[in-house]
Amino acid sequence: MPFLKDIKYSLHVAMHPFDGFWDLKYENKGKLRMALGILMALTLTMIVKRQYVGYVVNYNHPLALNSINELKYIIFPFLLWCLANWSLTTLMDGEGKFSEIVITTGYTLLPLILINIPNILLSNVITLREASFYHLLDALATLWFVWLLFIGTMTVHQYTVLKTITTMLLTLAVVGIIIFLGLLFFNLIQQIVSFVYTVYQELSLRG
Amino acid sequence: MRIKSSILVLVSVLLLVSLCPRPAGAAPYEGYTYSYWGGAVQSPIAYLPSRAITGLEAGTGAWNAPGDLFVSAEGLLYVLDSGNGRIVVLDKEWNTLRVIEGFQNGEKKDSFNNPEGLFVTDGGRIYVADTENGRLVELDGTGTFVREIGPPKADVIGAGFEYFPRKVIVDKAGRIYVVGRGVYEGLIEFDSDGQFTGFMGTNKVQFDPVDLFWKSVSTKEQREKMVQFIPLEFNNTDVDEDGFIYTTTVDKKTFSPVKRLNPSGIDVLRLSKEIPPIGDLSRDRSAFIDIDVTGNGVYRVLDSTRGRVFTYNEDGKLLYVIGQLGSQLGTFKNPAAVESYENAIYVLDRDLGRITEFTVTQFGSMVNEANTLYSSGKHDEAAKLWREVLKLDANYEMAYVGIGKSLLRQGEYKEAMTYLKLGNDREYYSKALGKYRREYMRDYFSLYMTGIIAVLLGGYVIVRLVKRPRKEGRVQDAVS
């Protein structure tokens, strides 16, 4: 069963990142559909997490919950990261192709799902005093994810450790620039639209 | 036909409802509390305006900018008619008992000059902060002069110190505390003989990080022209039955405008974790100008921004809000002082020269009573009342917490969790959860453990059964 094999491989990546990401790049073992699947699963996990995490650690206002928000907080940042990383590494002698970057980044998200699901279950039976375990696991998931992202970037682009760190930090900066440009773009479009509309209004009222 | 008749019934019911007059005691303000999430939630009205009195109605001539109000232990109302420099004493039925215009100070006839503060001890001694004269005046119940206490004298007080006492309180031991105009060192404390003993309970210095930044980059000349970071002065004070002193600060930025000072001047006010007692949670914050302590740790603060009286319990939780700025009975133009006596709240309006009395409604008295029982630890009796409160106001979070705590003590952990969750009390919810978890595990541990062991054993056996033939096959392969 190829699907089971894919899952087994993604788990292998999470556990043995050096080996896993190498195979991903040079043995073509990484699958785009698997990466996107992980992204979807993560989105789902986060929606479930916001709603069903135990009351003692759940500080979400029930009326403020909105699944569309996950687009903003997960899918959009994911795409931005890939885009920024790709634009940056093409200039910085990175060896990774865009699809490789997407696949790598997708696979690195797996720990978040792996830890979050048991964590949600656990959070429903813990008291306030044991809440630190929940937060510890949460932090571990993030650390694991960052670790994988680091290894992934290093392997895909064949960078040194220092260059990888620089690249990752720069990627964040580029993400900021892209957001800025995006906002500027939409703002200008809005201005143009309103200008055209005013001209049209003026003409139609005169006519 | 059926539809027609049902529409007819509906229309007639609607007509009847709309024809019904509004309840006679409709208040000119809305009752509300704040939810855990900081949103204003409608709530029944706890106190309704019942009557009001002006100086003309009291037969003393109009009051001119009255500055303070005091209700004595016997229920007598002392009005400090600042503009006319006199004290008017009303009894419970609001008949004028006496008017203290002036007093015989030794040889000469003396009077007040724009006094701002008034306090009456349990023994009936009247203390007046005679602001423009820069002194405290003590009178006995009939208005006879007893003594006057002048400005504080000590080495720590500089030569340029200007003494304008604004408010005065006297504790059980006879110590006198004075709020002075422009005195940011805290309350001025005198012993019972009128000797200055020191300042107590200073506010902390407040500063903006932004201001601090500009201050650090500006030149010395610029710095001298800037605002100094000095602690803010108190503007009013009250004392509770245990001798703790409550103070208010008018500052709109601070998150602790109310302080409860212990005898050594340290703030021991209990604050609610979610929303501290700061009045309205709007952008233009409330400015507290008077405080009234009613016992059981309940205190009311008067807000001059919107003319509201906020009542908090000892945990700093908002119980109810009454009043508003306006021109109807029950609203104020420029509220100056708040007092309460038994089931009534009195608010003095400076501009209108009027006292408004508010009497408690059914909802208000249930909340008061439930809160009293609750704060004295009688959770089970309180729970009964909280259930009644919930019938009138299903949004009253404190009631859910009260019932939850009672259920927790009775051992109804599962139900307690439901109520504590509705009341948004995570701490006690977690306690209930811990107890419930233990109980649940005690009942079901053997069952789950048996299940787990059975599954493990079963899995092991299946694995063995599946694997054995394959192993034998391999061995055979190897041999052959």
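Modeller: Two residues are in contact when heavy atoms of theirs lie within 4.5 Å, and in this predicted model the contact takes 13 residues from chain A and 13 residues from chain B. Residues are numbered from 1 along each chain as its sequence is written, while chains are lettered from A and ligands numbered from 1 in the order in which they are written. Local features need pLDDT of at least 70 and side-chain atom pairs count only at pLDDT 80 or more, whereas totals for chains, interfaces and linings use all residues, and side-chain values use heavy atoms, with hydrogens and water left out.

Biologist: How do you know what area is buried between chain A and chain B?

Modeller: Buried area is the accessible area (1.4 Å probe) that two parts lose on being put together, summed over both, and for chain A and chain B this is about 1100 Å², with carbon and sulfur atoms giving 64%. On the chain A side, A:Tyr55, A:Tyr59 and A:Thr127 lose the most area to chain B, together 52% of what that side buries.

Biologist: Why is the pair A:Glu130 and B:Arg437 called a salt bridge?

Modeller: The rule asks for a side-chain nitrogen of Lys or Arg within 4 Å of a carboxyl oxygen of Asp or Glu; the closest N and O atoms of A:Glu130 and B:Arg437 are 2.9 Å apart, so the pair meets the rule.

Biologist: What makes B:Asp240 count as buried or exposed?

Modeller: Buried means under 20% relative accessible area, exposed over 50%, and partly exposed in between (1.4 Å probe, protein chains only); B:Asp240 has 9%, and therefore it counts as buried. B:Asp240 sits in the loop between strand E18 (234-239) and strand E19 (245-249) of chain B, strands being DSSP E runs of at least two residues and helices H or I runs of at least four, numbered from the N terminus.

Biologist: Which category does B:Trp94 fall into, and why?

Modeller: B:Trp94 has a relative accessible area of 8%, so it is buried too. B:Trp94 also has a positive phi of about 70 degrees, although it is not a glycine, and it lies in the loop between strand E6 (86-90) and strand E7 (96-100) of chain B.

Biologist: Why is B:Asn296 given its accessibility label?

Modeller: Its relative accessible area is 37%, and therefore B:Asn296 is partly exposed. The phi of B:Asn296 is near 60 degrees, a positive value in a residue other than glycine.
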